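Reader: Could you walk me through this one, a question at a time? I have the sequence and the model open.

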Amino acid sequence: MPTIRVAIAGATGYTGEELLRILIHHPHVQLTYLAASAKWGRPTPVSEVYPRFAGRVDLAVEALNLSRCTDVSDVVFLALPHGMAMELAPKLLAAGKRVIDLSGDFRLHEPSLYPQWYTFSHTHPEWLKPGAAAYGLAEFCQGEIAKATLVANPGCYATSVLLGLLPLFRAKLVDSRRVIIDAKSGVSGAGRKPEPSLLYAEMSENLRAYKVNAHQHMPEINQTIRQLTGSEIQMVFVPQVIPATRGLISMLYLQAKTTEAQARAAFAAAYSPETTPFVRVRSSGFPQLSEVTHTNYCDLGIMVDSATGTMLIASALDNLVKGAAGQAVQNLNIMHGWPETTGLL
């Protein structure tokens, strides 16, 4: 099996670090370039940035240089803040590279949504048209991902919510007019930037809701459900940050049109160990964060309360792995025809 040369732009963030951790074990990957922001003007051994990689990775982190990146890579992971990839990806694609973008820059098809949800205007709307970039929800978009040169990796909340909702909406087992999402994520979901609200003294023994009904993953969820199921949903979305480093769990509350047995049958049809190795449906009870952190699994729990007709779905994953870097590597595997589990187990 041939080896491909891989670059990571944004190697010093939490997601970049997680990509590095996964890819050094990937049997078909040669890491060739690690880049970050302009402050890394002097190439710095990655072992000085992350001592855990001492003796394991001999690359330096340096300021991103597009020419050098294209010279030494076949595939580029962009783990950069929102708004940066839309400028870099078209240039990398023009140079014949394949790109997996972990920001939100290519997730939405409608350019007018970017000023509202991401606070910037998109400078390359031609890459937002359906079919230009593949949406990297590996369990539902394998065909598009396999042919893609640009993959828009889904957001962490969106991944958790969509894996919990799509089988139900495909089978039309719930009311699309009543979708309540109560989602909680560890502080690493906010990135590595220093913010007072993320300090230990602020987050310890605390829980805080933020961007209520205003989170940038909402239009991504709506768009994907509309495209893959034809349903239009009405959503209440309450994201919250919890005093944990990593992990994300979404509790989904829906008005059921069916029994728990029929709901389980829909999940069994959508997910199997052979075709979707990273989605596990529990036979009873709800998953906990500790059962999925540091893995690429999304664990799902199902219950229907017959007294109220409410269906409850719990969807748990690691926001840095299945919600970001792990799913990106899963997409890399699909793009190259390798088993999805390669480098991830």
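Reader: Which helix gives the most to the lining of the second largest pocket?
Author: Bear in mind that this is a predicted model. The elements that each supply at least two residues of that lining are β7 (134-135), α6 (142-147) and α9 (217-229). With four residues, the one that gives the most is α9.

Reader: And what is the volume of the second largest pocket?
Author: The pocket is lined by 17 residues, and the closest to its centre are Gly131, Ala133, Ala134, Tyr135 and Glu144. By type, the lining divides into eight nonpolar, six polar and three charged residues. The volume comes out at about 310 Å³.

Reader: On to the open sheet of eight strands: which strands stand at its edges?
Author: Read the order across the sheet: β3-β4-β2-β1-β5-β6-β8-β7, with mixed pairing. The strands at the edges each have a single partner, so one side of each is left without a neighbour in the sheet. Those two are β3 (44-45) and β7.

Reader: What angle does helix α11 make with β6?
Author: Helix α11 (residues 321-335) packs on that sheet. The strands it touches are β1, β2 (29-36), β5, β6 (98-101) and β8 (150-152). Its direction and that of β6 make an angle of about 155°.

Reader: Which residue in β5 is the bridge partner of Ile8?
Author: Look at β1 (residues 4-9) and β5 (residues 75-78), which run parallel and are joined by four bridges. In β5, the partner of Ile8 is Phe77.

Reader: Is Val187 buried, partly exposed or exposed?
Author: Val187 sits in the loop between β9 (174-185) and α8 (200-203). Beyond its neighbours within four places in sequence, Val187 is in contact with Met203, Val241, Ile242, Ala244 and Thr245. Its relative accessible area is 22%, and buried would need under 20% while exposed would need over 50%, so Val187 counts as partly exposed.

Reader: How far apart in space are Val187 and Leu199?
Author: In sequence, Val187 and Leu199 are twelve residues apart. In space, C-alpha to C-alpha, the distance is 9.5 Å.

Conventions:
Residues numbered from 1 in each chain as written. Predicted model: local features only at pLDDT ≥ 70, side-chain atom pairs only at ≥ 80, totals over all residues. Heavy atoms only, no water. 1 Å grid on protein atoms, 1.4 Å probe; cavity = no way out; pocket = protein on both sides within 12 Å on 5 of 7 lines; lining within 4 Å. Points joined across faces, edges and corners; volume = space filled by probe spheres on them. Nonpolar A, V, L, I, M, F, W, Y, C, P; charged D, E, K, R; others polar. Pairing = 2+ DSSP bridges. Contact = heavy atoms within 4.5 Å. Axes fitted to C-alpha atoms, helices over the stretch in contact; angles between N-to-C directions. Buried < 20%, exposed > 50% of the residue type's maximum accessible area, 1.4 Å probe, protein only.
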